[in-house]
Amino acid sequence: MSDPTGTPGDDQPKDPMAEMLRQLGINLGTDGQIDLNQLMGRLQQQMGAFTQASTSTSGVNWEQTRHATRQIAASLGPDPSITSQQQREIADAERLANLWLDEACDFGQSPHPAVGWSRAEWIEQTMPAWEQMTEPIVSSIATAMGDMMGGQAPQLPPELGAFSQMMQPMLRQAAGAMYSMQLAQAIAKVSTEVVTGSEIGFQLLLKPRAAVLPTNVAAFSEGLEVTDQDVLLYLMLRESARQRLFAQVGWLAPQIMALVEHYAREITIDANALESAIDIDDMGQLSPEKMAEISENLQGKLFEPTQSAEQVEILSRLETLLALIEGWVDEVVAQATARWMPNSSQLAEAVRRRRAAGGPAEDVLKSLVGLELRPRRVRDAANLWAALSADRGVGGRDAVWNHPDLVPTAADLDDPLGYVSGETTAPAADDLDAELAKLLAEERPDEDGQSGS
């Protein structure tokens, strides 16, 4: 039997709880008693290392996370400030884009003017959305750490009956400190890839406005053999259309965020990976530096790979909604550029290739939330919006966004003509193809090179 003072003999195993308390500077007496005032004092000291300068209940010190994210992004490549000339070019592109979109879209212009951002500015502007999205993950990690601690110390002295409850704030701060490193790395990486503020399909911005990252746009333009002005205009058209949609359809952005948060709440933390990364001897020394080390060891190992039935259903709904958004943007921009931009098909193909390769959204959501998301049905969605436009006009097409109950489902993407006509029975495949050929002016290849049905 182990010595309750935490100093076992050479041939005796350590008592996990006694060892953890010893790490806190507290030793149980020979009678197994403990000074609870001493324990609370030490816990408060430990918590102070994490709570200092933290303004979030999630356990993540967002001020430090924001700073770390910007440092990592700066190490990944040059990030020059936006020049006044670039801002003028962006303003000119927005004015022209709005003229074209006014004819192709029933939603009004964004009330806020377009802006050019550096990567660092994009990080600053989107950090509140990342906080909202990832808070459920930190709670899950803290719970898993608490369960792990309880599992390694099943028999507590009577005086420690409320020990787990007292430890929860510290565990939450520790979980936040550990997760913040993954957070900073993932957001920094995606900041080097996105070309516009909402390219990933989420409304990450506090205000509905078109935002462009010129440094990343320049990288996107390489090898396209299209003028820089046309590239900027095309990307502005896509971003402005998306921001019009988010601004006018009030339920859309909250619904997407709610689905992501719901998925995150259902995540199962890999307890084995967590336990292998955190030694019981470390539990009393959960310093920020130690948490950063643990976070590095847990890269790519934190989440259980299996999905619950509820997560599968949420994933399907989220993929469908994002496909509908991007399909709508594809269709609106195709209409807007049909008369005025001969090389728009080349730029549309570049966007499709980028999407098919797994864009920034797929990378960041997999890293942060364990969500493997790829909206494979954008082509089907674009076909459906084109059919609606041909049948009901621009106003009738965009009126579908008025209420979430009106928005097409995954089944409707299989039968766009049935959705347009209100019929529930799908026509034969040959008839469907023939009717679509009449309605659609051009064939748009699927994102992954396969049929969307």
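Rings of Phe, Tyr and Trp (its six-membered ring) pair if their centres lie within 6.5 Å, with planes under 30 degrees apart counting as stacked, over 60 as edge-to-face and the rest as tilted. By that rule, Trp251, Trp385 and Trp401 form one aromatic cluster.

A word on the model: it is predicted, so local features need pLDDT of at least 70 and side-chain atom pairs count only at pLDDT 80 or more, while totals for chains, interfaces and linings use all residues. Residues are numbered from 1 along each chain as its sequence is written, and side-chain values use heavy atoms, leaving out hydrogens and water.

Searching the whole structure turns up five aromatic pairs.

| Pair | Centre to centre | Angle between planes |
|---|---|---|
| Tryptophan 100 and tryptophan 340 | 6.4 Å | 20 degrees |
| Tryptophan 385 and tryptophan 401 | 5.2 Å | 20 degrees |

Tryptophan 385 sits in helix H15 (residues 378-399), and tryptophan 401 is in the loop between H15 and helix H16 (410-414). Helices here are DSSP runs (H or I, at least four residues), numbered from the N terminus. Tryptophan 385 is buried at 0% relative accessibility, and tryptophan 401 is buried at 1%; buried means under 20% relative accessible area, exposed over 50%, partly exposed in between (1.4 Å probe, protein chains only).

What about the other pair? Tryptophan 100, in helix H4, and tryptophan 340, in the loop between H12 and H13, are 240 residues apart. Tryptophan 100 is buried at 11%, whereas tryptophan 340 is partly exposed at 47%.

Helix H4 (residues 84-104) also holds aspartate 92, which is partly exposed at 43%.

Notes: Helices (H or I, at least four residues) and strands (E, at least two) are DSSP runs, numbered from the N terminus.
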